[in-house]
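Visitor: I am new to protein structures and would like to go through one slowly, asking about single residues before the whole chain. Could you show me the one we are going to discuss?

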Amino acid sequence: RDHCTNLLSALKMTASEKMLAVGVVPDVLSEVPQGAIEVFYEEHKVDFGNVLTPTQVQARPTKISWEAEKGQLYTLILTDPDAPSRSDPKMGEWNHWVVINIPESDVEKGDEVVQYIGAGPPPGTGLHRYIFLAYKQPGKIDYTDPRRLNTSTDGRAKRNATAIAAKHNLGNPVAGNVFQAEWDDYVPKLYAQMK
């Protein structure tokens with residue numbers, strides 16, 4: 001009975017409540033974004049804290065969008081605050097993907113400055129949170145930091161999304177979403193690709 005009650009309560013939770021429930025606030029942000037980023041990996045939907053596998057998210061999302069202002073540029077960040085684990089996040093946040101100068105929400109037309117790497121939590125570290133954040137830019141960003149256009153792990157650890165936003169005067173994210181994942185048998189294949 002308690003399980004059914006908890007399930008019904010979870011179904012009634014708003015997106016904001018779900019992001020709070022998985023600790024996006026205060027672990028990554030000071031407040032929950034007002035908007036939602038719609039994200040699909042093929043038929044697998046990112047749904048504010050649901051669990052997906054590294055196998056399911058090994059390639060970039062097949063669909064990603066948010067409510068965007070016409071003519072506006074945006075930055076998209078995918079970050080893992082739980083590296084190497086949620087109980088010991090000494091390497092978090094770990095950047096999995098950063099795209100800047102996105103016209104409206106057309107990510108394919110943006111400037112990828114950190115290449116996408118899917119979820120790869122180490123074995124025995126439990127669920128990691130993978131948080132998508134969209135920031136409205138005040139104008140075009142002239143990116144001067146080193147670009148990470150391969151699967152190298154260099155420069156991805158300890159890259160706080162809030163600090164990146166502050167550096168480029170982005171303010172708070174206008175939209176967000178989050179999924180959780182833990183180790184599966186795809187992770188060793190991912191690690192073999194990472195340098």
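Visitor: Where does F48 lie?
Guide: In this model, which is predicted, F48 has a positive phi of about 50° although it is not a glycine. With a relative accessibility of 12%, which is under the 20% limit, F48 counts as buried. As for its place, F48 lies between strand β3 (44-46) and strand β4 (50-51), in the loop.

Visitor: Is K158 buried or exposed?
Guide: K158 is another residue other than glycine with a positive phi, near 55°, and its place is in the loop between β9 and α4. Its relative accessibility is 56%, and since exposed means over 50%, K158 counts as exposed.

Visitor: Which peptide bond is cis with omega near 0°?
Guide: The peptide bond from V25 to P26 is cis, with omega near 15°, and P26 belongs to helix α3 (residues 24-27). With omega near 0°, the cis bond in question is the one from A83 to P84.

Visitor: How many aromatic pairs are there, and which residues does the cluster link?
Guide: Two rings of Phe, Tyr or Trp are taken as a pair if their centres lie within 6.5 Å, and by this rule the count comes to 6 aromatic pairs. Ring pairs link several of these residues into a cluster, and its members are Y41, W97, Y116, Y130, F132 and F179.

Visitor: Why is the pair of Y41 and Y116 called tilted?
Guide: Planes under 30 degrees apart count as stacked and those over 60 as edge-to-face, while the rest are tilted. The ring centres of Y41 and Y116 are 6.5 Å apart and their planes stand at 50°, so the pair is tilted.

Visitor: How many residues apart in sequence are the parts that this pair of Y41 and Y116 ties together?
Guide: Y41 counts as buried at 2% relative accessibility, and Y116 counts as buried at 7%. Y41 lies in strand β2 (residues 38-41), whereas Y116 lies in the loop between β8 (111-114) and β9 (128-136), so the parts tied together by the pair are apart in sequence by 75 residues.

Visitor: And which strands hold F132 and F179?
Guide: These two residues form a tilted aromatic pair, with 6.3 Å from centre to centre and 40° between the planes, and both F132 and F179 are buried. The pair ties together parts that are 47 residues apart in sequence, because F132 lies in strand β9 and F179 in strand β10 (residues 175-181).

Visitor: What separates the C-alpha atoms of T75 and P173?
Guide: T75 is found in strand β6 (residues 73-80) and counts as buried, at 1% relative accessibility. Leaving out residues up to four places away in sequence, T75 touches several others, among them V99, L133, Y135 and L170. Although T75 and P173 are 98 residues apart along the chain, their C-alpha atoms are separated by 9.0 Å.

Definitions and conventions:
Residues numbered from 1 in each chain as written. Predicted model: local features only at pLDDT ≥ 70, side-chain atom pairs only at ≥ 80, totals over all residues. Heavy atoms only, no water. Helix = DSSP H or I, 4+ residues; strand = E, 2+ residues; numbered from the N terminus. Buried < 20%, exposed > 50% of the residue type's maximum accessible area, 1.4 Å probe, protein only. Contact = heavy atoms within 4.5 Å.
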